[in-house]
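My notebook is open, and I am going through this model one feature at a time. I start with charged side chains, then move to a helix, a loop and the strands.

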Amino acid sequence: MNTLTIEGWCKSSGDKKSTPMGSIHFHLNELDHLRLEQAEERLQKTHEPEVMVDVDMAAIDLVTPEACGPLSDCKIRVYLSAGDQRGQFHLVGHRASDGSLIYTNAVMVDQLG
């Protein structure tokens, strides 16, 4: 299991820029890791811009900053970096209280153990 703590961002509707909101903490198990690797391979073959991977919010033990509160939904967005075509991912969801977009900085898929 991989435990990740990644900088989180919030973009409320109507805002032009995202604002930092602190660290988002979550776990990815071996099955999640496999799904991310499969998504990376799919993107390399199909040249799609991105793949959204479903996650079980209870299973990833998601912890958001206090100012954020719970998310109403959560997925992992996988895409390829422009230069070397390596897979990257970040957590994407919406804040339950107001629907604002919440996301994390990106991580390389191959950095997961």
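**Entry 1: salt bridges**

I looked up E48 and found it in a salt bridge with R42. The closest N and O atoms of this pair are 2.8 Å apart. I note that this is a predicted model, so every value here is computed from it.

Next I checked D98. Its side chain meets that of R95 in a salt bridge, at 3.0 Å from N to O. Here the partners fall into separate classes. D98 is partly exposed, at 46% relative accessibility. R95 is buried, at 12%, because the cut-off for buried is under 20%.

Then I looked for charged groups that share partners. D84, R86 and D110 are linked in a network of salt bridges. How many salt bridges does the count give? It comes to 7. I wrote down the general idea too: side chains of opposite charge can pair when their charged atoms come close.

**Entry 2: a pair inside helix α1**

I moved on to D32 and R35. Their side chains meet in a salt bridge, 3.6 Å from N to O. Both residues lie in helix α1, which covers residues 30-46. They sit 3 residues apart, about one turn of the helix. D32 counts as buried, at 9%, while R35 is partly exposed, at 32%.

**Entry 3: helix α1 as a whole**

I tested the length of α1. At 1.5 Å a residue, its 17 residues should span 24 Å. The end C-alpha atoms are 24 Å apart, which agrees.

Which residues of α1 are buried? I listed D32, H33, L36, A39, E40 and L43. They cover an arc of only 120° around the axis, so they lie on the same side of α1. I then asked what they pack against, and found β2, β3, β4 and β5.

I also looked at both ends. At the start of α1, a side-chain oxygen of N29 reaches to within 3.0 Å of the backbone nitrogen of L31. Just after α1, H47 takes a positive phi of about 65°.

**Entry 4: T64 in its loop**

I found T64 in the loop between β3 (51-54) and β4 (71-80). A polar atom of its side chain lies 2.6 Å from the backbone oxygen of G69. What does T64 touch, leaving out residues up to four places away in sequence? I noted S23, G69, P70 and L71.

**Entry 5: the partners of strand β1**

Last, I traced β1, residues 2-11. It pairs with β2, residues 19-28, in the antiparallel sense over 9 bridges. In β2, G22 is the bridge partner of G8.

β1 also pairs with β6, residues 101-104. This pairing is antiparallel too, over 4 bridges. Which residue of β6 stands opposite W9? It is Y103.

Conventions:
Residues are numbered from 1 along each chain as its sequence is written. This is a predicted model: local features need pLDDT of at least 70, side-chain atom pairs count only at pLDDT 80 or more; totals for chains, interfaces and linings use all residues. Side-chain values use heavy atoms; hydrogens and water are left out. Two strands pair if DSSP finds at least two bridges between them. Helices (H or I, at least four residues) and strands (E, at least two) are DSSP runs, numbered from the N terminus. A salt bridge is a side-chain nitrogen of Lys or Arg within 4 Å of a carboxyl oxygen of Asp or Glu. Buried means under 20% relative accessible area, exposed over 50%, partly exposed in between (1.4 Å probe, protein chains only). A polar contact is a pair of N or O atoms within 3.5 Å; within protein, one must be able to donate a hydrogen and the other to accept it, and residues adjacent in sequence count only if both atoms are side-chain atoms. Contact means heavy atoms within 4.5 Å. The expected span of a helix is 1.5 Å times one less than its number of residues. The arc is that of the directions from the helix axis to the C-beta atoms.
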